[in-house]
Amino acid sequence: MLFHSTRGGDKDKDFASILMQGLADDGGLFMPDQWPQVDLKKIKGLQSFVEVAKEIVPLFTASSFTQEETIKIVENTWHDFEHQDLVGIQTIENISVLELFHGPTAAFKDFGLQLAAAFFNEVLEKEDKTAIVLGATSGDTGSAAIDACRSYARIKSFIMLPNGNMSEVQRRQMSTIEAENVFALRINGTFDDCQDLVKQAFIQRDFLKPDQYLLAVNSINWTRIVGQICYYFFAYNRLANHQNLNFSIPTGNFGNVFACYSAFKMGLPIKTISVAVNNNDILHRFFASNDYSKKQVHETISPSMDISVASNFERLVYDFFLDRSTSKCAELFNNFPNQGIELDEAT
Ligand SMILES: *Cc1c(COP(=O)(O)O)cnc(C)c1O
């Protein structure tokens with residue numbers, strides 16, 4: 001399984017390269033060349049979340065890791081969860097709630113980031129290199145990234161947090177870690193200011209040592225999506241007597257929704273996916289009236305959903321609406337956000 005950019009620039013990339021690169025050179029997002037298909041009968045019979053993950057993760061990693069290597073990583077990655085199944089499921093009549101908050105930072109991001117960090121470390125060990133993780137956060141991502149990377153001595157994490165809309169719990173989660181390789185940097189500005197600094201650093205790069213990677217932990221990293229695909233198949237494992245699953249998912253950068261869509265493309269019998277937004281309604285405007293245009297961010301009580309654009313949405317546009325046309329995708333997203341996106345009636 002190789003990967004390519006939604007905008008056509010990068011092609012034939014193996015798993016380790018897209019893991020370490022994050023965003024494609026042409027500004028696009030990496031996608032698998034095909035959707036691997038999953039044997040649902042097999043998934044039904046499995047005993048645990050980790051067993052489900054051992055079926056899913058190797059489908060994407062085979063270009064860089066042997067089956068044995070991947071399975072070993074999967075068996076050792078998700079740590080400090082307080083629920084024996086990692087994911088809890090509560091069912092009331094025909095509605096079930098997937099509890100994704102049992103990880104060490106109580107965000108579902110522990111699933112994607114712990115998997116990504118374990119693979120980061122594996123590549124660094126193999127190549128005998130080190131890495132700097134650089135990220136901006138409004139809360140959940142930063143805490144989960146710091147926790148996921150702190151035990152790997154080859155990785156130093158620098159996470160920038162804004163001086164403002166963030167819960168006190170998360171501020172403390174990030175600023176009270178006693179690890180020598182973790183640095184939480186409070187920026188006098190907003191989340192967008194933090195993100196601008198991160199973007200600048202990724203262009204500048206002159207602070208890196210030779211043999212040092214600069215790694216992004218934002219939700220466009222494909223490995224985070226892979227970690228999240230696993231819990232949709234786990235839901236099926238536990239609820240397989242339900243013929244058709246409908247998922248309702250709160251969204252910010254569209255990573256969690258896209259993981260659900262990916263599971264659907266891999267064979268999971270999903271009837272509907274509902275996308276929930278807060279006041280920051282770019283996705284609602286798109287699905288209701290074909291208007292994907294950037295507006296100002298509104299601060300709300302759910303800062304993880306406070307976004308002006310949903311980065312992973314490009315993957316859905318490319319795969320679902322544009323039938324995987326890299327040229328059309330490049331045309332739309334190279335002009336975005338200066339020009340809003342409105343799809344042709346035909347699509
Ligand atoms: C990250 C996060 C979101 C947004 O998820 P995306 O994958 O970026 O759409 C929503 N709610 C919570 C609690 C989060 O941590």
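I began with helix α8 (residues 168–175), where Glu168 and Arg171 both lie, three residues apart, about one turn of the helix; helices are DSSP runs of H or I of at least four residues, strands are runs of E of at least two, and both are numbered from the N terminus. I noted the general rule that an α-helix has 3.6 residues a turn, so residues three or four places apart point the same way. The model is a predicted one, in which local features need pLDDT of at least 70 and side-chain atom pairs count only at pLDDT 80 or more, while totals for chains, interfaces and linings use all residues. Residues are numbered from 1 along each chain as its sequence is written, and side-chain values use heavy atoms, with hydrogens and water left out.

**Entry 1: salt bridges**

I looked up how the side chains of Glu168 and Arg171 meet, and found a salt bridge of 2.9 Å, N to O; the term asks for a side-chain nitrogen of Lys or Arg within 4 Å of a carboxyl oxygen of Asp or Glu. Glu168 counts as partly exposed because its relative accessibility is 39%, and Arg171, at 25%, is also partly exposed. Here buried means under 20% relative accessible area, exposed means over 50%, and partly exposed lies in between, with a 1.4 Å probe and protein chains only.

I then checked Asp147, which forms a salt bridge with Arg150, their closest N and O atoms being 3.5 Å apart. Asp147 is buried, since its relative accessibility is 9%, whereas Arg150 is partly exposed at 36%.

Arg285 pairs with Asp291 in a salt bridge, with 3.3 Å between the closest N and O atoms. Arg285 is buried, with a relative accessible area of 11%, while Asp291 is partly exposed at 25%. I also noted that Glu125, Asp128 and Arg154 are joined into one network by salt bridges that share partners. The structure holds 15 salt bridges.

**Entry 2: Lys109**

Which side chain of opposite charge is nearest to Lys109? I found Asp140, 4.1 Å away, and Lys109 is buried yet has no salt bridge; for charge, Lys and Arg count as positive and Asp and Glu as negative, with His and the chain ends not counted. Lys109 lies in helix α6 (residues 109–127). Leaving aside neighbours within four places in sequence, Lys109 is in contact (heavy atoms within 4.5 Å) with Asp140, Thr141, Ala144, Arg224 and Ser304.

After α11 comes Gly267, whose phi is positive, near 115°.

What divides the lining of the second largest pocket by residue type? I found 12 nonpolar, one polar and one charged, where Ala, Val, Leu, Ile, Met, Phe, Trp, Tyr, Cys and Pro count as nonpolar, Asp, Glu, Lys and Arg as charged, and the others, Gly among them, as polar. α11 (255–265), β10 (270–276) and α13 (313–321) each supply at least two residues of this lining, and β10 gives the most, with five.
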